[in-house]
Amino acid sequence: MRVFAQPVASVDFRHGGLLITGHPLEERGVHRRALIRDEGMLAVHDLESLFNGVTAPQISFRSPWPGWRRGVDSVSPDLSFAVFSGQRAICAVEPDGGVRWEYGHECWGYREHDHTVADHVCAGLESGSVRVSDDGTLVWGHVRGFEYEEWVVLDAITGRVVAKTPLDSAAVGSVHIAHPDGEHVGLSIGMGQDGSMLYWARWEKGNLHSWDMNDDDRILVDVHPSGGRFLTLDHNCGDLSVHAFPSGTALATVDDSTIPPLQPGDAYEDYENEDAAYWDYYCGHIDSTAVIASTTEADEEHGEGRHWLLDSATLEVLGQVGYPCPPEGPARPLGDGTWLTYNADSGQLTRWALPSWTGSFAGVARVAERAAEAQEA
């Protein structure tokens, strides 16, 4: 069954691919900002303005380390400062380029090497991430400590450490995902072939409360708009699960065997059984009722990539998303009923939605059933 999408808006944006498969799209309630690091600057674009033709950034911040291109950065809600996740420090920068504060930590590169050159980028691919709290008063940071990796909470004005906790990870990279309640923060850590780790925490009355769900090797990919559930992906892309928050109890799971088989004659003739489809790393909630997930990495070796609509509570596959032209790569849901795709050849970043006649995503299954009945008739 196919449910056909309609384009809402499109813009020529050469960095659009980063918004789909990277981590520079920072969401705070209804505000969505693209944080693009390029040529030593962090350019901040308002997504709504971008689709309305405003291609110039709202504001730009100069990176304290122009040669460092890893890590995940963040900006304050009022855009009064940006926080950069560096190789051996977290740094808060003002719009005029002035440094508000710098918090040094152990180098993400190899342990014993020279640091005498100010902007020297050390060997190694490892990095951390930061996130400014929704009220702009705190900065959450994943850093390398002397003995362990650490999750630190810093005062956003002074950079003073207000709390920290040791982690058991050996990261390649990480990302912070904020909970809709503005109090909880999730930390998803990737460790390459060694798996993934997932932590939750909240800052409450001067104390850091944290817990993990590291028994199942899962990647935190999204939080339900209500905050009552969150979505994870198995590190090996074998299944997606929805969990109760904050307990982490698995409420529903969809494994890769549930992915509908490729149809004969659809340019997938060489898709062998041993090359079964699997879920992409990129998925999330379109709105409170539906999740969009994709199988493009597996599919595109054999034909066109596919996107799928899933029920957000049960993860039942409701149907395949149909497009006027085949999509390139996965989709990036925005939580407001729309999602993004990017075409690298044309440079077009496109925003999609289901046709208005479907009413709501809760009605997708009924629409698809009626379409199937009509086809059989």
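The structure contains zero disulfides, a disulfide being a pair of cysteine sulfur atoms within 2.5 Å. A disulfide is a covalent bond between the sulfur atoms of two cysteines. Cys237 is in no disulfide, and the nearest cysteine sulfur, that of Cys283, is 9.3 Å away. Cys237 counts as buried because its relative accessibility is 6%, and Cys91 is buried at 0%. Here buried means under 20% relative accessible area, exposed means over 50%, and partly exposed lies in between, with a 1.4 Å probe and protein chains only.

The model is predicted: local features need pLDDT of at least 70, side-chain atom pairs count only at pLDDT 80 or more, and totals for chains, interfaces and linings use all residues. Residues are numbered from 1 along each chain as its sequence is written, and side-chain values use heavy atoms, with hydrogens and water left out.

Charged pairs come next. There are 16 salt bridges, each a side-chain nitrogen of Lys or Arg within 4 Å of a carboxyl oxygen of Asp or Glu. In one of them, Arg28 pairs with Glu26, and their closest N and O atoms are 3.5 Å apart. Arg28 is buried, with a relative accessible area of 10%, and Glu26 is buried at 7%.

Another salt bridge joins Glu48 and Arg351, with 3.1 Å between the closest N and O atoms. Glu48 lies in helix H2 (residues 47-51) and Arg351 in strand S29 (residues 348-353), so this pair ties together parts that are 303 residues apart in sequence. Helices (H or I, at least four residues) and strands (E, at least two) are DSSP runs, numbered from the N terminus. Glu48 is partly exposed, at 35% relative accessible area, whereas Arg351 is buried, at 6%. Both residues belong to one network, in which salt bridges that share partners join Glu27, Arg32, Glu48, Arg332, Asp336 and Arg351.

Asp299 and Arg306 also form a salt bridge, their closest N and O atoms being 2.9 Å apart. Both Asp299 and Arg306 are buried.

On the surface, Glu297, Glu300, Glu301, Glu328 and Asp345 gather in a patch of negative charge. Such a patch is made of residues with over 30% relative accessible area and no salt bridge, like charges being joined within 9 Å. Lys and Arg count as positive and Asp and Glu as negative, while His and the chain ends are not counted. Glu301 sits in the loop between helix H3 (296-299) and strand S25 (307-311). Glu301 counts as exposed because its relative accessibility is 60%.

Key:
Patch = residues over 30% accessible without salt bridge, like charges linked within 9 Å, V, L, I, M, F, W, Y side chains within 5 Å. Areas by Shrake-Rupley, 256 points an atom, 1.4 Å probe, with all protein chains shown as cover. Charge placed at Lys NZ, Arg CZ, Asp CG, Glu CD.
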